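The sequence and coordinates come first.

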Amino acid sequence: MKNEEIDDVLKKVAQTPQDLDLRLLERIDESIKPSLRPVRPLPPVWLMAVGLVLVCSAVSLAGAARSGFFGAAKMNLLERSLVFPALGLLASVAAVSFVHQMLPASRLRLSPGVLLALSSVALLAAFAGLFRDYHTDHFFSAGIACLLIGLLHAIPAGLLSWLMLRRGFAVNPASAGLVAGTLGGLAGVGMLELHCPNFQAAHILVWHIAVVPVSAALGAMLGWELHLRTRFRARSDER
Amino acid sequence: MWGCRGPVGRQANVARHLREDADVGEDSSWTFHRMHSGENLETLMVRYQQGDFAAASVLIRHISPRLHRFFLAKSMSRADADDLLQETWLRIHKVRHTYRNGEPALPWFYAIARHIRVDHYRKSVRAAAGERELEEMSKGVTTTSPQAGELEALLAPLSESQREVIAMLKVEGMSLEEVARAMSSSVGSVKQKVHRAYKKLRETIGATTPGKWRSGGQA
């Protein structure tokens, strides 16, 4: 059987008259009529993305300002000019992606999984090329401390980002949470690069970068949980 | 509400359209095109955002049959499809501000409908664990409309996502780009699903029941 023949079969089925009850449509009309007021559409994508990048930068800078800019002070010009623009670029991509996640039927250029992989691999490549100290002093104790500090900044950055786009609607809350978590994770890494003076390659490659996937996983779980709570609340309201 | 927003002439037109819509019965898309030449879904959507009840009403009459058919294509009873349609419109109404002027409106409607359907599917999977719910599901199958049965039988061998793609692309006549937007996916991924779906349909329609669908869908 040819594709055209299958098309014909599907067209025949599609042309079957639709016996939709007009009373159902009237009920829908009546249900929306009382609350029909003019609404303000969401701002342009670029504006929301810029806002998200600014929020994340503010969280990173505020954290580093409180703890000290030891990492940024220890970096040479090449390291500074590669690490921070790379983080900024990735954060911009994640911000645009998050905005698209919060708009139904947006054209998605990067899936959440690809965004997470791209962010992690790009950071791995940049850091592996820049930091050549292969000592592993206090690998676990210093590493876990950095991971926690990074997450402590990633979580508020992700939550503030979500709060900023609260008027949006995520058709896939877990994906949206994953992207928000990735964005927050990049803010956490930014804070660590500004603050952490430990330039051992293994420390940075493992513990600093781990902030991104851990934060993304937390974001996905939180997104799903929020979705379930919203649904439960909506059902309770209906009853 | 709409009386203070839209011009009176427009209200009268829409009232007439709705009466004629009822007169012509089923073919609401024909009515829509005949009466709203020069006014597309996107324009209506913007007017709906501005609080125009007439535009909302026309959208409901134009989009609902398509969404209803979309729900029926997913092996769903007619009562479930009616419920989901109402639920979808309530959600559309709640998040109407997320539609952006200039973007295609049809994928936006389908993206929300798909979200509602996925929710319903998860709920029904959980409910199916209980015996009582299983009985209700079997009742639901018996109340499926003839059209839903035909479409369901045709798309039965396909996976959930393949059914969705075929229903939007071939039954509803959406473009690849629109389907990709509605599914939050890429055009490449949609093409791949269509290719696999056609492969399965070729095997099923061609091999098991030759002539069944070719002769107008009646076994």
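Helix H4 of chain A, residues 70-74, contains Ala72(A). The model is a predicted one. Ala72(A) has a relative accessible area of 14% and is therefore buried, the cut-off for that class being under 20%. Leaving aside residues up to four places away in sequence, Ala72(A) touches Arg80(A), Phe84(A), Glu193(A) and Leu194(A). Pro38(A) is 34 residues from Ala72(A) in sequence, and their C-alpha atoms are 49 Å apart in space.

## Chain B and Thr98(B)

Chain B has 11 helices and zero strands. Of its 219 residues, 49% count as buried. Among contacts in chain B between residues at least 6 apart in sequence, those that join residues at least 24 apart make up 62%.

The loop between helix H5 (78-94) and helix H6 (105-127) of chain B holds Thr98(B). Thr98(B) counts as buried because its relative accessibility is 1%. A polar atom of its side chain lies 2.7 Å from the backbone oxygen of Val95(B). The side chain of Thr98(B) also makes a polar contact of 3.3 Å with the side chain of Trp108(B). Not counting residues up to four places away in sequence, Thr98(B) touches Trp108(B) in chain B, and in chain A it touches Leu42(A), Leu103(A), Pro104(A), Arg167(A), Gly168(A) and Phe169(A).

## Aromatic residues

Trp108(B) is also part of an aromatic cluster, together with Trp89(B), Tyr99(B) and Phe109(B). Over all chains the count is 11 aromatic pairs. One aromatic pair is formed by Phe140(A) and Trp207(A), with 6.1 Å from centre to centre and 70 degrees between the planes, and it is edge-to-face. The pair links distant parts of the chain, since Phe140(A) lies in helix H7 (residues 139-164) of chain A and Trp207(A) in helix H9 of chain A, 67 residues apart. Are the two partners buried or exposed? Phe140(A) counts as exposed because its relative accessibility is 54%. Trp207(A), at 12% relative accessibility, counts as buried.

## The interface of chain A and chain B

In chain A, 51 residues are in contact with 63 residues of chain B. The two chains bury about 5600 Å² between them, and 62% of this area is on carbon and sulfur atoms. Across the interface there are 15 residue pairs in polar contact, with both residues at pLDDT 80 or more. Helix H1 (3-14), helix H2 (22-32) and helix H9 (201-238) of chain A each supply at least two residues of the side of chain A that touches chain B. The residues on that side divide into 28 nonpolar, eight polar and 15 charged.

## Salt bridges

The whole structure has 13 salt bridges over all chains, and the count between chain A and chain B is three. The table gives examples.

| Residue | Partner | Closest N to O distance |
|---|---|---|
| Glu103(B) | Arg100(B) | 4.0 Å |
| Arg181(B) | Glu103(B) | 2.6 Å |

Asp29(A) and Arg61(B) are both buried.

Glu103(B) forms salt bridges with Arg100(B) and with Arg181(B). Arg181(B) is in helix H10 (residues 176-182) of chain B and Glu103(B) in the loop between H5 and H6 of chain B, so their pair ties together parts that are 78 residues apart in sequence. Glu103(B) is partly exposed, with a relative accessible area of 22%. Arg100(B) is buried, at a relative accessible area of 17%, and Arg181(B) is buried as well, at 7%. Which residues are joined into one network by salt bridges that share partners? The network consists of Arg107(A), Arg100(B), Glu103(B), Glu177(B) and Arg181(B).

Key
Residues numbered from 1 in each chain as written. Chains lettered and ligands numbered in written order. Heavy atoms only, no water. Contact = heavy atoms within 4.5 Å. Buried area = accessible area lost by both parts, 1.4 Å probe. Salt bridge = Lys/Arg side-chain N within 4 Å of Asp/Glu carboxyl O. Polar contact = N/O pair within 3.5 Å; in protein donor to acceptor, adjacent residues only side chain to side chain. Helix = DSSP H or I, 4+ residues; strand = E, 2+ residues; numbered from the N terminus. Nonpolar A, V, L, I, M, F, W, Y, C, P; charged D, E, K, R; others polar. Phe/Tyr/Trp six-rings, centres within 6.5 Å; stacked < 30°, edge-to-face > 60°. Buried < 20%, exposed > 50% of the residue type's maximum accessible area, 1.4 Å probe, protein only.
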